[in-house]
Amino acid sequence: GNYELLYLSIPLMGIAFLYAHKFTVVGMGEDFATNLGLDYKKIVNLGLIIVSIVTVCVVIIAGEIPYIGLIVPNLVSLYKGDNVHENILDTALFGAIFVLLCDILARVFVYPYELSVGLTVGVIGSGMFLYLVLRRKSYAS
């Protein structure tokens with residue numbers, strides 16, 4: 001395969017891991033980050049650049065997988081809090097396990113044929129998304 005783009009995305013993930021504390025502080029708002037001595041715009045732009053390049057590399061290598069970037073981080077932060085530095089490895093591990101389980105389900109569901117992993121993740125992900133939106137009645141209305 002053509003996995004040369006991993007040589008670009010893996011170091012960027014390392015940089016994102018090093019800046020994770022700053023991303024958490026920036027997520028609290030511009031005034032809060034500025035009061036703690038961070039250059040808000042610089043950190044936000046760095047985060048956007050890193051996320052954009054890593055996303056492009058992964059989509060080129062693996063293809064589009066719907067809802068994975070929406071469901072997995074929200075479920076992890078629901079149980080572990082909003083600290084990016086603590087959640088980044090758990091999010092990666094849970095995302096990999098989720099896609100693996102959806103792949104197994106896609107291969108077994110209509111055996112001897114296969115469903116698309118994107119279809120399986122999309123169906124399960126849409127159900128999880130609706131659960132996250134509707135889990136509290138005060139947020140759904």
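What share of the 141 residues of the chain counts as buried? The share is 23%. Please keep in mind throughout that this is a predicted model.

1. Overall make-up. The chain has eight helices and zero strands. Read from the N terminus, the order of elements is α-α-α-α-α-α-α-α. The C-alpha trace spans about 60 × 45 × 20 Å along its principal axes.

2. Helix 5 against helix 6. Two packed helices are described by the angle between their axes and the distance between the axes. Helix 5 covers residues 68-80, and helix 6 covers residues 84-109. Their axes approach within 9 Å, with a crossing angle of roughly 130°. The pair is therefore classed as oblique; an angle would have to be over 145 degrees to count as roughly antiparallel. The crossing of helix 5 with helix 6 is right-handed.

3. Helix 5 against helix 7. Helix 7 is made of residues 117-134. The axes of helix 5 and helix 7 come within 10 Å, and they cross at roughly 40°. That angle makes helix 5 oblique to helix 7, given that roughly parallel requires an angle under 35 degrees. This crossing is left-handed. For a residue-level check, take Ser126, which is found in helix 7. The C-alpha atoms of Ser126 and Ile71 are 8.7 Å apart, although 55 residues separate the two along the chain. Ser126 counts as partly exposed because its relative accessibility is 25%, and buried would mean under 20%.

4. Side chains of opposite charge can pair when their charged atoms come close. The count for this model is three salt bridges. One of them joins the side chains of Asp90 and Lys80, at 2.7 Å from N to O. Asp90 belongs to helix 6 and Lys80 to helix 5, so this bridge ties together parts that are 10 residues apart in sequence. Neither end is buried: Asp90 is partly exposed at 27% relative accessibility, and Lys80 is partly exposed with a relative accessible area of 42%.

5. Salt-bridge network. Which residues are linked in a network of salt bridges? They are Asp103, Arg107 and Glu114. Asp103 pairs with Arg107, with 3.2 Å between the closest N and O atoms. Both residues lie in helix 6, four residues apart, which is about one turn of the helix. Arg107 also meets the side chain of Glu114 in a salt bridge, at 3.3 Å from N to O. Arg107 has a relative accessible area of 41% and is partly exposed. Glu114, at 54%, is exposed, because the cut-off for that class is over 50%.

6. Backbone points to check. Most residues other than glycine have a negative phi, and most peptide bonds are trans. Two places in this model call for a look on that account. The peptide bond joining Tyr111 and Pro112 is cis, with omega about 10°. Pro112 sits in the loop between helix 6 and helix 7. Tyr67 is not a glycine, yet its phi is positive, near 70°. Tyr67 is placed in the loop between helix 4 (40-62) and helix 5.

7. Nonpolar surface patch. Which residues make the nonpolar surface patch of about 500 Å²? The members are Tyr67, Leu70, Phe129, Leu130, Val133 and Leu134. Helix 7 gives the most to the patch, with four residues. Leu70 lies in helix 5, whereas Tyr67 comes from the loop between helix 4 and helix 5. At 36% relative accessibility, Leu70 counts as partly exposed. Tyr67 is likewise partly exposed, at 33%.

How values were computed:
Residues numbered from 1 in each chain as written. Predicted model: local features only at pLDDT ≥ 70, side-chain atom pairs only at ≥ 80, totals over all residues. Heavy atoms only, no water. Patch = residues over 30% accessible without salt bridge, like charges linked within 9 Å, V, L, I, M, F, W, Y side chains within 5 Å. Areas by Shrake-Rupley, 256 points an atom, 1.4 Å probe, with all protein chains shown as cover. Salt bridge = Lys/Arg side-chain N within 4 Å of Asp/Glu carboxyl O. Helix = DSSP H or I, 4+ residues; strand = E, 2+ residues; numbered from the N terminus. Buried < 20%, exposed > 50% of the residue type's maximum accessible area, 1.4 Å probe, protein only. Axes fitted to C-alpha atoms, helices over the stretch in contact; angles between N-to-C directions. Parallel < 35°, antiparallel > 145°, perpendicular 65-115°, else oblique. Left-handed = near helix turned anticlockwise from the far one by under 90°.
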